[in-house]
Amino acid sequence: MLHSISDIEEVAVVDPRAERLKELKRDFPAIGTFQRLEDALDHVDAVIVATPPDTHARLGMMAMHAGKSVLIEKPLATSTLDARRLVDTAEKLGLVLAVGHTFEYNAAVWKLRDLLDAGELGRIHYIDSARLNLGLYQSDVNVIWDLAPHDVSICNFVLRSKPSRVAAWGSRHAHSFLEDVAHIQLMYDEPEVTANIRVSWLDPCKVRRTTVVGSEKMAVYNDMLPDERVRVYDKGVVLPSDPPALAQMPMSYRVGDIHSPYLRFEEPLLVQDREFASCIATGERPSTDGENGFAVVQALEASQISLRAGRPVHLSETEFRMSFEPEHEELSA
């Protein structure tokens, strides 16, 4: 995919597995191959980090200290402390730092935000998001850090905001120490909306769905329906103008048309990578910049704290924890 972007002349791949590099070289003879990032840095202008989450901060810092702009796969880091250091380093060195929140480059998610911005759904009551599948189990992070970054990113994007409080519940079934099923509640102050997120590695059906319920209409983004990714439902409840009698229904229901708007869909990963290359050339900030990634990591860490403490957590608690964390020398090496 990177070869199709005009701003990119050459591509190199870093992988410690020699056999994997041989396979890639056979399929793509023109690429450069390296087993260590350190060896590749003198041969590239920018780095895309697509590795296990607990390595994101270390590799991102290594690349930036070598003067390379970086696109880091979600999540940006596995702590707000490391995420903030990445953001501050990019700012200090004048480098582009982007995060792989690919759904923010998805035409269906853009349409959801357009519907909210235009007021077509009315006042937003709540958002419900589900990301379920059978696997893939990770070895370094639980299901929240693996799957929920997408949903937190989508909610922040369509609401043009970030949550103030988070509550999370989770359980372990097939894994001994990492949660494989979790529920997250994001509470936003402006607009005053609650988003409920359900993620699972242990579900028989693959689900990628976000539902936005408004006072006028409802919209569903279903990524498993390529021809009708977004459906707008003219459905809702109508409150009575006068207080109802005890024996009467407290409201009536409105059922209207279902509309699927046309989307000019383009592969989100390609759109994301193209913007990253363009930002390196122009010096502009990417849509999913470091601050964008930090906001998602902050919500994820608050979810992790809530999971352990069994209570809602204000996002300011992550900043309080940051102020007491010692410096990690390995990140600046």
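Which residues in α3 meet which residues in α4? I will come to that after a word on the model. This is a predicted model, where local features need pLDDT of at least 70, side-chain atom pairs count only at pLDDT 80 or more, and totals for chains, interfaces and linings use all residues. Residues are numbered from 1 along each chain as its sequence is written, and side-chain values use heavy atoms, leaving out hydrogens and water.

Now the answer. From α3, Ala57, Gly60, Met61, Met64 and His65 meet Asp82, Arg85, Leu86, Thr89, Ala90 and Leu93 of α4; contact means heavy atoms within 4.5 Å. Helices here are DSSP runs (H or I, at least four residues), numbered from the N terminus. Helix α3 covers residues 56-65, and its axis lies 10 Å from that of α4, at an angle of about 10°. Axes are lines fitted to C-alpha atoms over the stretch in contact, and angles run from 0 to 180 degrees between N-to-C directions. The two helices are therefore roughly parallel, the word for angles under 35 degrees.

Next, α4 (residues 80-93) and α8 (residues 290-309): their axes come within 9 Å and cross at roughly 175°. That makes α4 and α8 roughly antiparallel, meaning over 145 degrees. Among the α4 residues that meet α8 are Thr80 and Val87.

Last, the core. A nonpolar core is a set of buried Ala, Val, Leu, Ile, Met, Phe, Trp, Tyr and Cys residues joined through side-chain atoms within 4.5 Å, buried being under 20% relative accessible area with a 1.4 Å probe, protein chains only. The largest has 71 residues, and Leu76, Leu86, Val158 and Leu186 have the most contacts inside it. Helix α6, residues 143-159, gives the most to this core, 11 residues.

How values were computed. Angles under 35 degrees count as roughly parallel, over 145 as roughly antiparallel, 65 to 115 as roughly perpendicular and the rest as oblique. Buried means under 20% relative accessible area, exposed over 50%, partly exposed in between (1.4 Å probe, protein chains only).
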